Structures are given as C-alpha cells and as structure tokens.
Amino acid sequence: LFGCNPIYIAGMDLDYSGGYVGGKVSPTDDVWQKQHKNLRNDLRILNESAKNRNIKIINLHDNPWYNEFEQGRLL
C-alpha cells in the first residue's frame, strides 16, 4: 500500500511465556502449536500476495522459526 519494495523483516516477538497483556494466562503448548500453524499459514499467504504484486519480502533474522520469506542478512 505504501509502495515499499523490498520489505525487510528483522524479527517477530511472539514470546507469550510471561503471559498476555493484562496478566492473562499464557497459552499452553497445545494452544501454541495450533497458533504456530495458523501464523505460518498467514505468513505464507502474505508472501504469496506480495509476490503477486512483484514485492519482495526479505527476512533478516538468522534462524527464524518460520521460513516463508526469502532469507537475507544483517550487515
């Protein structure tokens, strides 16, 4: 929408081990596994949508838990 190309991702902080905002309980491993699958699917759809618009998304994280984007590296 803003015309950025390429788009660089430097990381995503999805660590809920300390609980959610407002002191809500952290998700169980079972819940996290289901969310993990959904998040990876969302990232895949985002990447495919970007490709359809000739936009490149480059992940700068060294060892991500997701691999849906082209791998780059920090300088």
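**A walk through the fold, starting at a tryptophan**

Let's start with W65, which is partly exposed, with a relative accessible area of 28%. Keep in mind as you look around that this is a predicted model. The next residue along, Y66, has a relative accessibility of 2% and counts as buried, because buried means under 20%. How do the rings of W65 and Y66 sit relative to each other? Their centres are 5.1 Å apart and their planes are at 80 degrees, so this pair is edge-to-face. Y66 also pairs with F69, again edge-to-face, with 6.3 Å from centre to centre and 75 degrees between the planes. Those are the 2 aromatic pairs that the structure holds, and W65, Y66 and F69 form one aromatic cluster.

Now step back and look at the whole chain. It has 1 helix and 3 strands. If you follow the chain from the N terminus, the elements come in the order β-α-β-β. The helix, α1, covers residues 29–52. The strands β1, β2 and β3 form an open sheet, lined up in that order, and their pairing is parallel. As background, strands of a sheet pair through backbone hydrogen bonds, either parallel or antiparallel.

Which strands stand at the edges of the sheet? They are β1 (7–9) and β3 (70–71); each has a single partner strand, so one side of each is left without a neighbour in the sheet. Strand β2, residues 57–59, runs parallel to β3 and is joined to it by 2 bridges. You can find the spot where I58 stands opposite E70 of β3.

What about the inside? Buried residues make up 16% of the 75 residues in the chain. The largest nonpolar core has 6 residues: I9, L43, A50, I57, Y66 and F69. Leaving aside residues up to four places away in sequence, F69 touches I9, L43, L46, N47, I57 and N59. Three of the core residues, I9, L43 and I57, turn up among those contacts.

Among contacts between residues at least 6 apart in sequence, 51% join residues at least 24 apart.

Next, the charged side chains. Side chains of opposite charge can pair when their charged atoms come close. This structure holds 3 salt bridges. In one of them, the side chains of R40 and E68 meet at 2.9 Å, N to O. This pair links distant parts of the chain: R40 belongs to helix α1 and E68 to the loop between β2 and β3, 28 residues apart. Are these two buried or exposed? R40 is partly exposed, at 24% relative accessibility, whereas E68 is buried, with a relative accessible area of 17%.

Another salt bridge joins the side chains of E48 and K51, at 3.8 Å from N to O. Both residues sit in helix α1, and because they are 3 residues apart there, about one helical turn separates them. E48 is partly exposed at 36%, and K51 is partly exposed at 47%.

The remaining salt bridge brings together the side chains of E70 and K56, also with 3.8 Å from N to O. E70 lies in strand β3 and K56 in the loop between α1 and β2, so the pair ties together parts that are 14 residues apart in sequence. E70 counts as partly exposed, at 39% relative accessibility, and K56 is partly exposed as well, with a relative accessible area of 41%.

Finally, take a look at two backbone details. Most residues other than glycine have a negative phi, and most peptide bonds are trans. Where does this chain have a cis peptide bond? The bond from N5 to P6 is cis, with omega near 5 degrees, and P6 lies in the segment before β1. Then there's N54, whose phi is near 60 degrees, a positive value in a residue other than glycine. You'll find N54 in the loop between α1 and β2. N54 is exposed, with a relative accessible area of 66%.

How values were computed. Residues numbered from 1 in each chain as written. Predicted model: local features only at pLDDT ≥ 70, side-chain atom pairs only at ≥ 80, totals over all residues. Heavy atoms only, no water. Pairing = 2+ DSSP bridges. Helix = DSSP H or I, 4+ residues; strand = E, 2+ residues; numbered from the N terminus. Salt bridge = Lys/Arg side-chain N within 4 Å of Asp/Glu carboxyl O. Buried < 20%, exposed > 50% of the residue type's maximum accessible area, 1.4 Å probe, protein only. Core = buried A, V, L, I, M, F, W, Y, C linked by side-chain atoms within 4.5 Å. Contact = heavy atoms within 4.5 Å. Phe/Tyr/Trp six-rings, centres within 6.5 Å; stacked < 30°, edge-to-face > 60°.
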